[in-house]
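These are my notebook entries on one structure, kept in the order in which I looked things up.

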Amino acid sequence: QLQLVESGEGFVQPGGSLRLSCAASGFTLKYYVIGWFRQAPGKEREGVSCISTSDGATGYADSVKGRFTIARNNAKNTVDLQMNSLKVEDTAIYYCAAIGPISTGRCDLRPGGYVYWGQGTPVTVSS
């Protein structure tokens, strides 16, 4: 069974940057749709970004467009989330999730369709 592990947790000041990575052992992530989600205390889990399989299409929540970038690193078998210009409201537990394996999987920011989930990694943005 696919197991996902997030890394890159951190504490940064507003305006700072962090890079999260989603890794899996024994499975090739390029065959999976990968989504990044976050959940802040007292709030529902929300989709942040996702990346498709066949064409590499990406999607972003409006709140992170222009600041976050998702990308596959097939050499390392990871999907990374580069987060720039971080805001206090970006503080949350960040999770990566996967759907697949599927050759023509499309990006989806809704959490319901994802089968595999990581344990989450905390991101705190505070001055």
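**Entry 1: terms and ground rules.** I call a residue buried under 20% relative accessible area, exposed over 50% and partly exposed in between, using a 1.4 Å probe and protein chains only. Helices (H or I, at least four residues) and strands (E, at least two) are DSSP runs, numbered from the N terminus. The model is predicted, and local features need pLDDT of at least 70, side-chain atom pairs count only at pLDDT 80 or more, while totals for chains, interfaces and linings use all residues. Residues are numbered from 1 along each chain as its sequence is written, and side-chain values use heavy atoms, with hydrogens and water left out.

**Entry 2: strand β11.** I looked at which side chains of strand β11 (residues 121–125) are covered, and I noted Thr-121, Val-123 and Val-125 on the covered face, with Pro-122 and Thr-124 on the uncovered one. For pairing I used the rule that two strands pair if DSSP finds at least two bridges between them. Strand β2 (residues 10–12) runs parallel to β11 and is joined to it by 3 bridges; within this pairing I found Gly-10 with Val-123 as its bridge partner in β11. β9 and β11 run antiparallel, also with 3 bridges, and Tyr-94 stands opposite Thr-121 in β11.

**Entry 3: the whole chain.** I counted 0 helices and 11 strands in the protein, and the pattern along the sequence reads β-β-β-β-β-β-β-β-β-β-β. I then compared the radius of gyration (taken over C-alpha atoms) with the globule rule, 2.2 Å times the number of residues to the power 0.38. A compact globule of 127 residues would come near 14 Å, and the protein has 13 Å, which agrees. Along the principal axes, the C-alpha atoms fill a box of roughly 40 × 25 × 25 Å. Buried residues make up 45% of the 127 residues. Taking a contact as heavy atoms within 4.5 Å, I noted that residues 24 or more positions apart account for 63% of the contacts with a separation of 6 or more. By the Shrake-Rupley method with a 1.4 Å probe, the protein exposes about 6,500 Å², of which carbon and sulfur atoms supply 48%.

**Entry 4: the disulfides.** How many disulfides are there? I applied the cut-off of a pair of cysteine sulfur atoms within 2.5 Å, and the count comes to 2. Cys-22 and Cys-96 form one of them, with sulfur atoms 2.1 Å apart. The torsion about their S-S bond is about 65°, so this disulfide is right-handed. Since Cys-22 lies in strand β3 (residues 18–24) and Cys-96 in strand β9 (residues 92–99), the pair ties together parts that are 74 residues apart in sequence. Both Cys-22 and Cys-96 are buried.

Cys-50 and Cys-107 form a disulfide with their sulfur atoms 1.7 Å apart. The torsion for Cys-50 and Cys-107 is about 90°, so that disulfide is right-handed. The pair links distant parts of the chain, with Cys-50 in strand β5 (residues 46–51) and Cys-107 in the loop between β9 and β10 (116–117), 57 residues apart. Cys-50 is buried at a relative accessible area of 1%, whereas Cys-107 is partly exposed at 24%. With the bonded cysteines numbered in sequence order, I wrote down the pairing as 1-3, 2-4.

**Entry 5: the aromatic rings.** Rings of Phe, Tyr and Trp (its six-membered ring) pair if their centres lie within 6.5 Å, and planes under 30 degrees apart count as stacked, over 60 as edge-to-face and the rest as tilted. My search of the whole structure finds 5 aromatic pairs. Among them, Phe-37 and Trp-117 have ring centres 5.0 Å apart and planes at 50°, so the pair is tilted. Phe-37 lies in strand β4 (residues 33–39) and Trp-117 in strand β10, so the pair ties together parts that are 80 residues apart in sequence. Phe-37 is buried, with a relative accessible area of 0%, while Trp-117 is partly exposed, at 27%.

Is the pair of Tyr-95 and Trp-117 tilted or edge-to-face? Their centres lie 6.5 Å apart and their planes at 75°, so the pair is edge-to-face. Tyr-95 is in strand β9 and Trp-117 in strand β10, so this pair ties together parts that are 22 residues apart in sequence. Tyr-95 is buried, with a relative accessible area of 13%.
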